[in-house]
Amino acid sequence: MKRIISATLILLFAFSSSAYAHTGLTSSSPAEGDEIAENVYEIVLEFNTKIESTSTVKVFNENNEEFVGNTMVNENVMTSGFNEPLDNGTYTVEWKIIGADGHPIQGTYSFMVNQEELDDPAPSEETPELSAEEVEEEPVEQPVEVTSKIASNDVLVVILVILFTIAGGFFGWVIGRRQTK
């Protein structure tokens, strides 16, 4: 009986040590504290593990006005693109994700857009202006991610540990009953 309990405890500790670390932000563009001197059309956040497609990113200016972007998630990268470049000012990025381990994680950071404005930008001769009729928009294909019914592998590991514990206890009880007869 002591062997079964010992084996069960060893299995329990072996499986629990293989749990995943929490997902974290590894890089961003623009990065925290950056002062950008060019047009910013998108925010790109990269994480150390795959993130769920339900993850979100919001961008706010100094007046706490939200700039709505088209957010896409692909594996461990979340991108939010804007139709117009961000104006000069300080922006706060708020992100919320569900990582590979199933835990919700959120964070914020700030960056600054500081472009020198041109007095009267004249259209260049190389790029003629196109009328609305001449501009054709190509459809953009966005990847669709199939979400899993199980939030993470940790749930499966916990279920297996519980089942092995119950099975070990049952077999220990049966062996113990046979030895007492």
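The legends below describe close-up views of a predicted model.

Local features are taken from this predicted model only where pLDDT is at least 70 and side-chain atom pairs only at pLDDT 80 or more, whereas totals for chains, interfaces and linings use all residues. Residues are numbered from 1 along each chain as its sequence is written, and side-chain values use heavy atoms, with hydrogens and water left out.

**View 1. The protein chain and its order of elements.** The protein chain holds two helices and nine strands, where helices (H or I, at least four residues) and strands (E, at least two) are DSSP runs numbered from the N terminus. Read from the N terminus, these elements follow the order α-β-β-β-β-β-β-β-β-β-α. Of the 181 residues in the protein chain, 22% are buried, a class defined by under 20% relative accessible area, with exposed meaning over 50% and partly exposed in between (1.4 Å probe, protein chains only). The accessible surface, computed by the Shrake-Rupley method with a 1.4 Å probe, comes to about 13700 Å² for the protein chain, and 54% of it belongs to carbon and sulfur atoms. Among contacts (heavy atoms within 4.5 Å) between residues at least 6 apart in sequence, 65% join residues at least 24 apart.

**View 2. The open sheet of four strands.** Strands of a sheet pair through backbone hydrogen bonds, either parallel or antiparallel. In this view four strands form an open sheet in the order E1-E3-E7-E6, with antiparallel pairing, two strands being counted as a pair if DSSP finds at least two bridges between them. Strand E1 (25-29) and strand E6 (70-74) are the edge strands, each of which pairs on one side only. From one strand to the next, the twist averages 15°, as an angle on the scale from 0 to 180 degrees between N-to-C directions of axes that are lines fitted to C-alpha atoms. Five bridges join E3 to strand E7 (residues 77-81) in an antiparallel arrangement, and leucine 45 has methionine 78 in E7 as its bridge partner.

**View 3. The open sheet of five strands.** The order of this open sheet is E2-E9-E8-E4-E5, and its pairing is mixed. Strand E2 (35-36) and strand E5 (66-67) stand at the edges with a single partner strand each, so one side of each is left without a neighbour in the sheet. E2 and E9 are parallel and share two bridges, with isoleucine 36 opposite valine 113 in E9. E8 and E9 pair in the antiparallel sense over ten bridges, and valine 93 has tyrosine 109 in E9 as its bridge partner. E4 and E5 are also antiparallel, over two bridges, and phenylalanine 67 in E5 is the bridge partner of valine 59.

View 4. A nonpolar core is a set of buried Ala, Val, Leu, Ile, Met, Phe, Trp, Tyr and Cys residues joined through side-chain atoms within 4.5 Å. The largest such core has 20 residues, of which Ile43, Leu45, Met78, Trp95 and Phe111 touch the most other members. Two or more residues each come from strand E3 (42-47), strand E4 (56-60), strand E8 (89-98) and strand E9 (104-113). The covered face of E9 carries Ile105, Gly107, Tyr109, Phe111 and Val113, while Pro104, Gln106, Thr108, Ser110 and Met112 lie on the uncovered one. Leaving aside neighbours within four places in sequence, the contacts of phenylalanine 111 include Pro30, Ile36, Ile43, Leu86 and Val93.

**View 5. Backbone geometry in the loops.** Most residues other than glycine have a negative phi, and most peptide bonds are trans. The peptide bond from serine 29 to proline 30 is cis, with omega near -5°, and proline 30 is placed in the loop between E1 and E2. Asparagine 64, in the loop between E4 and E5, has a positive phi near 65° and counts as exposed at 58% relative accessibility. Glutamate 75, in the loop between E6 and E7, has a positive phi of about 60° and counts as partly exposed at 45% relative accessibility.

View 6. Histidine 22 is found in the loop between helix H1 (2-16) and E1. Not counting residues up to four places away in sequence, histidine 22 touches Asn48, Asp101, His103 and Ile105. Histidine 22 and aspartate 101 are 79 residues apart in sequence, yet 6.4 Å apart in space from C-alpha to C-alpha. The hairpin of E8 and E9 has five residues between the strands, and glycine 102 in this hairpin takes a positive phi near 85°.
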